Amino acid sequence: MSGLVSILQGTGRIGYFMGEVAYWMVRPPFYWRETIKQMHHIGFQTLLPVLAVVGPTGMVVTLQGLKIFQLFGAEQMISSLLAAAIFRELSPTLSSLMVSSQAGSSIAGEIGTMRVKEEIDALEIMAVNPIQFLVIPRLLALALVCPILNALASFCGILGGYTVAVILKGHNSGAFIANLMNFMSVSDIWIGMLKASVFGVAVGVVACYRGYMTTGGAAGVGQAANNTVVQAILAVVVLNYLMTAMILGISAP
Amino acid sequence: MSEAIVNRILEFVAIIGRFGIFFSRVIQVLFTTLPDWKLVLEQMYRIGVTSLPVIAAVCILAGSTLSLVGIHIFKEFGGQNMIGLFIGLSCIREMSPILVGAMMASKPGTDIAATIATMRVKEQIDALEVMAINPIWFLIIPRLIAFVFVAPFLVIFADFLAVAAGYVVSVYQFNVNGGTYIADVIRYLSVQDLYNGMIKGAVFAVVTCVIACFYGFTSAPGPKGVSMAINRSVVLISSLIVILNYFMTEIMYGKVS
């Protein structure tokens, strides 16, 4: 019973937090400079891990896909599988996974440290709304930067697949590119970008909420960062399922 | 400018050196002393049982998403009935070891980094040394052993849940024949695939544990140091897992028949 009550309490708190964020998001002052700074910070911090994850994933998909497609004698079609997997699913999910472990944990750590050192109370005393100054710039930055990261990651994944299929396994380069162009449409890329943006906001909300509610010294900050990573990844996976179902439902023939 | 670059390179080399010394000390303690089995059991419970719900949730959703996407793609070829092959191969060979690795990095991994970093910040590790208890023996070895034994079982759970979720979505939502699905999974997968997944899981476990412990051990003072330790360890572990996965896949399945 107490477990149920605490779940309800947590849901209520995060709902209240999101309501407050939505309330303050449309009201001045807007801290644009802070937003740009966060975009720079998050983008550069997360770029390398994202590329390092999606590139090898493209290589693995190609490696396994070639084996499966050999069963039908359709190795030439590998790039269509690769494109569908990378653009629509793997690149958005994996890059937001890395965003949640890199940017999410660092945002939770940063805001948590400020909470523990009473810097957030200091902001309130200086009549600066901490939600407007700390939370909203980070959320906006994540929403804007994640699609860009996702685009770079998709490119890197396709490049990884190309490396394995054409350079290592010696398949035809022209067929690879032609199949890629045939089966892909620009809407696939937009869907991936949209997904990445939604996941970015989800990661940001979880990270800011956990950091904002930190209590209890260094151990509390560690706890907040830990919880952030786990819950952000869960949120991303759940949202991914729902969005895939919705998008495929909409675009079904 | 050039001095800054040189300093960064030196810093990088220094971290690698420190990691090498740390790792060799762990190996030395691992093979020269007997572990405390009670601690190992406790860590097995903490790592395995507490991260099972998260892994289950992620794998169930991954399996169902895969089956949504797979059916959508395979419809174009008119091969919806091959969905069992697609889900079985992708989940058991790749997805579940990687997802288990990523979730191990983000739940028990960050937990370990946070715990050890907090102990470092509160000088509890120095206190252990004062009491003549080797902190590596007391803190790291039990976690390492627990990780290596628990990870393969987590992979098996993940395999089962992902394939089962794919079954539920494709059979009950898209009316694929259930018998065909199961027959496909059995026909195209061998027990060797399961073993390979378990081996991958164990390797990822070693990477996770050693790096999380290293960053926890060498964390800077203060709450900021703790959050830095978590951040760096989780990012490095996830990237390493994916990169290692490529090479392990190449070794296990790379031979073109």
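**A walk through a predicted model**

What is chain B built from? It has eight helices and zero strands, so if you follow the chain from the N terminus, the pattern reads α-α-α-α-α-α-α-α. Its C-alpha trace spans about 65 × 50 × 35 Å along the principal axes. Of the 257 residues in chain B, 53% are buried. Now take the contacts in this chain between residues at least 6 apart in sequence: 86% of them join residues at least 24 apart. As for charge, chain B carries 16 positive and 14 negative side chains, and the centres of these two sets lie 2 Å apart.

Back on the surface, you can find a nonpolar patch formed by B:Ile5, B:Ile9, B:Phe12, B:Val13 and B:Ile16, with about 490 Å² of accessible area together. One of these residues, B:Val13, sits in helix H1 (residues 2-32) of chain B. Its relative accessibility is 48%, so B:Val13 counts as partly exposed.

For a contrasting place, turn to chain A. A:Leu123 belongs to helix H4 (residues 119-125) of that chain, and it counts as buried because its relative accessibility is 9%. Which residues does A:Leu123 touch, leaving aside its neighbours within four places in sequence? They are A:Val128, A:Pro130, A:Phe133 and A:Leu134.

Next come the charged pairs. Side chains of opposite charge can pair when their charged atoms come close. Over all chains, the count comes to ten salt bridges. In one of them, A:Arg88 meets A:Asp188 at 2.6 Å, N to O. A:Arg88 lies in helix H3 (residues 78-116) and A:Asp188 in helix H7 (residues 186-212) of chain A, so this pair ties together parts 100 residues apart in sequence. Both A:Arg88 and A:Asp188 are buried.

Another salt bridge joins A:Glu110 and A:Arg138, with their closest N and O atoms 3.3 Å apart. Here A:Glu110 counts as partly exposed at 29% relative accessibility, whereas A:Arg138 counts as buried at 3%.

Finally, A:Lys169 and B:Glu250 form a salt bridge at 3.5 Å, N to O. A:Lys169 lies in the loop between H5 and helix H6 (173-183) of chain A and B:Glu250 in helix H8 (residues 222-253) of chain B, so this pair joins two chains.

How values were computed
Residues numbered from 1 in each chain as written. Chains lettered and ligands numbered in written order. Predicted model: local features only at pLDDT ≥ 70, side-chain atom pairs only at ≥ 80, totals over all residues. Heavy atoms only, no water. Helix = DSSP H or I, 4+ residues; strand = E, 2+ residues; numbered from the N terminus. Buried < 20%, exposed > 50% of the residue type's maximum accessible area, 1.4 Å probe, protein only. Contact = heavy atoms within 4.5 Å. Lys, Arg positive; Asp, Glu negative; His and termini not counted. Charge placed at Lys NZ, Arg CZ, Asp CG, Glu CD. Patch = residues over 30% accessible without salt bridge, like charges linked within 9 Å, V, L, I, M, F, W, Y side chains within 5 Å. Areas by Shrake-Rupley, 256 points an atom, 1.4 Å probe, with all protein chains shown as cover. Salt bridge = Lys/Arg side-chain N within 4 Å of Asp/Glu carboxyl O.
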